[in-house]
Every structure is written in C-alpha cells, then in structure tokens.
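Please look over the sequence and the model shown here before reading on.

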Amino acid sequence: MRVSIAGVALRSPVIAASGTFGYGVEFEEILSTDRIGAFVTKGLSLVPMDGNKAPRIIETTGGMMNAIGLQNIGVDAFIKDKLPGIRRMRGSVCIANVFGYNIEDCLGVIEKLNHADGIVMYELNASCPNTKHGGMVFGTDPESLGDLVFRCKAVSKRPLMVKLSPNVTNIGGMARVAEAAGADAVSLVNTFLSLAIDTETRRPRIANITGGLSGPAIKPIAVRMVWDVARSVKIPIVGMGGIAKAEDAVEFLLAGATAVEVGTASYADPRAVEKIADNLESWCTAHDVAKVAELTGGLRL
C-alpha cells in the first residue's frame, strides 16, 4: 500500500483532507492514524482568523456547501500548541496546509514552519483571493499562480504541493504553470464555487452568499480534472472530490493520481478516512493488485 509523493513515503495513498480533520490531534482517539497515509492540517495563516459569519455550512443534494472562511488559530499557535501533540501521535504523517491573501503572508507562514519539526510537506492553497491585485484568485490567473508558487518554493525547506482551484476552464494548463514554477506535486480539486437559495425567504442559505461545493456530487468532474492534469504534468497528483468509498479512490488512481484525499465523508463518519484506507487494501487483494501504485494511470481507453 506504500506510495511516494515528492520523495515523501506514505504507508497508504489515502490522506485526510485539509479543513475536515482539524489539526490532526483532535482525531487521535477516534481513529488509528497509522492506518492512513497522512493528514493535512486546517489552513494555516500568518495571524489567527475567525472565519465567516454563520450559517456557513449546509447540506446539499449529494454533498455540502461551506464558507467557513479559513478559520484557524494561526501558524504561531499551531507550532506552540498543536505540533507537540502531533509529534507524539503514533505513526502520524503531517502535511501543513498554507494560505495567505498575499504572497508575503504565504512566505511568512512557510518560513515559520521551516523551523518546526513534525511536518513532511506543505500544501499551498491557491484558491485564495490575492488582495493586492483586486481579489483575483491566485489559482485562476496563470501569472499570479506562477509567481505565488515560484516564490513559495524558493523559501520552502520541504516539498511543496499546490492545491489547485477547479474554477478554471483549463485545469491542465494551470497545473503546468505550477509545475514550471517549481511545484513538487499538485492536489485537486478544491471546492466548486456555488450558490444555494432559500425559496421561502428568497435569501442565500449561506451568510457569505456563495460557498464551496464538495461531496459525491462533484466526483465525476473531479476525476475528469485529475485525468486532464495527469496528461499535462509529470509531477505527482493527489486527487480529491467526493470520495466516500474505496472504489471512489480507485477511480482517482486510475485517472492518474498517486494518492487521494478524503474530506466531506469525514463529516458523515469521523472514521471514514481509515475505513476507506482499509477497504482499499481489501479491494487490491480481491483484485490481485500487488502494489497499489500499479493503479496510477491505469485507465483503459
């Protein structure tokens, strides 16, 4: 079940996704972290953030919408209060999710984390609006994305995985920009921009008006995007979007992913990521797959 991403060895290709697994330590008594490949922390910013007003998460047909607003305790508190517990967790592999509303903030977070033990990789969230350039989301503008990745890679002392926005017309092209700028891997997809309206009040169901759609409803689109990216870049791909069972993970691997992240499923079952990892191993055994890595890019046309 072992796979490798940018030189980082994982015991399983199944990873707990950012924003759905807290800072990792919250799940220590819920599941066996040594049964999954890794977990990704909540997004870490240079200063603490309270996030958006409620309501900021709702159920939708086949999934959920959220506009949490990247609430987090900030990188300094993470290093002081969370990392010691992470280092004590049995078999834990921690990937730190990093974001900022300008490049300097992202650099500041990475530079602080560079001096902290217990992290194996950074996942750079490219779906934030660049406040210095009129709010254009980094991940939807090639020039902004390339500049962000290039500068973050220059200061990073760990492998840098770039989490791509799906709200673009050419996801393969954006992945090539990230690769050319120095990304060691890419992860996709982040949530899809969406809107839900209460027909009785005629008001948005989320206080932020729009939110990010995730869950099983987006899986076929996410799988297609992973396939597009796999034909566009040579760096490893981590796929995500609506994975709820082992067979879903297999789809992403066959489309070209080396590993997968499980997110929304953890809201329905906090042990979902461990169950999917175990069931994926059983699926491989039942289908005479000696090494899970053999599935990557195995789509038959």
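Contact here means heavy atoms within 4.5 Å, and helices (H or I, at least four residues) and strands (E, at least two) are DSSP runs numbered from the N terminus. This is a predicted model, in which local features need pLDDT of at least 70, side-chain atom pairs count only at pLDDT 80 or more, and totals for chains, interfaces and linings use all residues. Residues are numbered from 1 along each chain as its sequence is written, and side-chain values use heavy atoms, with hydrogens and water left out.

In helix 3 (residues 142-155), S144, L145, G146, L148, V149 and C152 are buried, that is, under 20% relative accessible area with a 1.4 Å probe and protein chains only. The elements that cover these buried residues include those tabulated here.

| Covering element | Residues |
|---|---|
| Helix 2 | 103-113 |
| Strand 8 | 121-125 |
| Strand 9 | 129-130 |
| Strand 11 | 160-163 |
| Helix 4 | 171-180 |

Helix 3 also gives 4 residues, the largest share, to the lining of the second largest pocket. A pocket is an open set of points on a 1 Å grid over the protein atoms alone, where a 1.4 Å probe fits, with protein on both sides within 12 Å along at least five of seven lines; lining residues have an atom within 4 Å of a point. Among the residues lining this pocket are N102, E104, K132, H133, D147 and R151.

N97 lies in strand 7 (residues 94-98) and, because its relative accessibility is 2%, counts as buried. Not counting residues up to four places away in sequence, N97 touches S18, V40, T41, K42, G43, L44, E123, N125 and K163.

Notes:
Buried < 20%, exposed > 50% of the residue type's maximum accessible area, 1.4 Å probe, protein only.
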